[in-house]
Amino acid sequence: MQDHPSEAGRGTTRRQLLRGAAIGTATIAGASLLPTAAAWADTRARGGSQYVDGVDVVPDTSHTTRALVEHIRGYYQAKSDKNLDWQMSYFSRERFTYIDAILGWHWYRWQDMRTALAGWYPSWPADSRSYPTRLLGDTTSAILVFTDTPGMFGPGQVRNFGAVNFDRHGRIERWVDYWDARQFGVAGWKKEQEPPAQWPTDFRESTVGETASPLMRRVATALATALRAGDIPAAMKLFSTDAVYEDIPAHIQITSQASIHTFLTKAASILPYMGAGTAVRHVLGNDSGGGYEWAATHGPVPRGITALELDAWGRIERLTAVWNGAYADTALFTTLAQKAIEH
């Protein structure tokens, strides 16, 4: 967990940037619109084997399609280059949703998002970068795991899991980000999140519908149903023998079906995505990778996302749970760590 700096050290806050997003629009608005295909080709030429120019990270693309890899690459280069028109060309103008599920910030119009970005860009460090580390799904729907470098949205890096839906032209219609605010600083998160009355009550999954592959929907629904009922044996039937289970806020990684079974049995009563009151919000991905957004009413953590990687037989070989650890106290994390090492 990172310590949060003082307000003076942080400078302009994310809330101030959003509220004053119109400032700086004139500075960015003149940026030229680059054709996506040509711009991506240029990115390859400049970055070599790197995905984003200047970043020595190549994302895990083992559970996605080549089409998504080629399509989304330019988006992160555009964001890193602070090229407003190029970045916004990836979004649908007709049907638009962008929600930060941790701060409660939300935009339902293309132009509003553009204005917000125009306000952010001038405050970002010259060497700021946004780059993917894992891609799950296809050009219908996907979970994009990516990192924003320090200074873009707070003093430290922010590691996001974006739930993304595309239209038939490959334009983004809905994007919802999930991340752990403890990396941001709990005090900073409390200060910058929306007041309760202004949080979005509709995450607008109904605007895009359930377009994930039938296999991913079956696995996600069966897993969520088993976890809600506390039926660990039923859940374990969905995992491969050497599956990997990760809980990002708890900093836990467990390997093998047997060890996952033991952990879930011991931790069932305290995991935010298990037990009565949990429900699937939206499923994303294809037969290889994706996952589901979830909501919970029984505890302090109201929502999160679970990324799934499936093997050739449709079994879960990697599960990654992401939720806002700022809602939890130290005692919960201590208990989860104890459950992870008990036998």
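Modeller: Gladly. Keep in mind that the model is predicted.

Colleague: Which sheet do they belong to?

Modeller: An open one of 7 strands, with the order β1-β4-β5-β6-β7-β2-β3 and mixed pairing.

Colleague: Why are β1 and β3 called edge strands?

Modeller: Because pairing needs at least two bridges, and β1 (60-64) and β3 (106-107) each have such pairing on one side only.

Colleague: What packs on this sheet?

Modeller: α5 does, touching β1, β4, β5, β6 and β7. The direction of α5 makes about 160° with that of β4.

Colleague: Which core holds Ile72?

Modeller: The largest nonpolar core, with 45 residues. Ile72 is among those with the most contacts inside it, along with Phe91, Met113, Leu144 and Trp175. Elements giving two or more residues to this core include α5 (66-81), α7 (110-120), β5 (141-148) and β6 (158-166). Another core, of 40 residues, lies apart from it and includes Ala212, Leu227, Ala235 and Ile260.

Colleague: Why would such side chains be found together?

Modeller: As a rule, nonpolar side chains in soluble globular proteins tend to be buried together.

Colleague: Why is Glu94 called exposed?

Modeller: The cut-off for exposed is over 50% relative accessible area. Glu94 has 61%, so it is exposed. Glu94 is found in the loop between α6 and β2 (97-100). From Glu94 to Glu173 is 79 residues in sequence, but 8.3 Å in space, C-alpha to C-alpha.

Colleague: What is the other sheet?

Modeller: An open sheet of 6 strands, ordered β9-β8-β13-β12-β11-β10, with mixed pairing. β9 (252-255) and β10 (278-285) are the edge strands. The twist averages 15° from one strand to the next.

Colleague: What makes β8 and β9 a pair?

Modeller: The threshold is at least two bridges. β8 (residues 239-247) and β9 have 4, so they pair, in the antiparallel sense. Val244 stands opposite Thr255 in β9.

Colleague: Which helices pack on this sheet?

Modeller: Among them is α9 (residues 214-229), which touches β8, β10, β11 (289-296), β12 (303-310) and β13 (316-323). α11 (residues 257-267) also packs there, touching β8 and β9, and its direction makes about 45° with that of β8.

Colleague: How do you know that the buried residues of α11 share one side?

Modeller: The buried residues of α11 are Ile260, Phe263, Leu264 and Ala267. They cover an arc of only 95° around the axis, so they lie on the same side of α11. Their cover includes α9, α10 (232-236), β8, β9 and α12 (330-341).

Colleague: And how much of the whole protein is buried?

Modeller: Of its 343 residues, 54% count as buried. The cut-off there is under 20% relative accessible area.

Note on methods:
Residues numbered from 1 in each chain as written. Predicted model: local features only at pLDDT ≥ 70, side-chain atom pairs only at ≥ 80, totals over all residues. Heavy atoms only, no water. Core = buried A, V, L, I, M, F, W, Y, C linked by side-chain atoms within 4.5 Å. Buried < 20%, exposed > 50% of the residue type's maximum accessible area, 1.4 Å probe, protein only. Axes fitted to C-alpha atoms, helices over the stretch in contact; angles between N-to-C directions. Contact = heavy atoms within 4.5 Å. Arc of directions from axis to C-beta.
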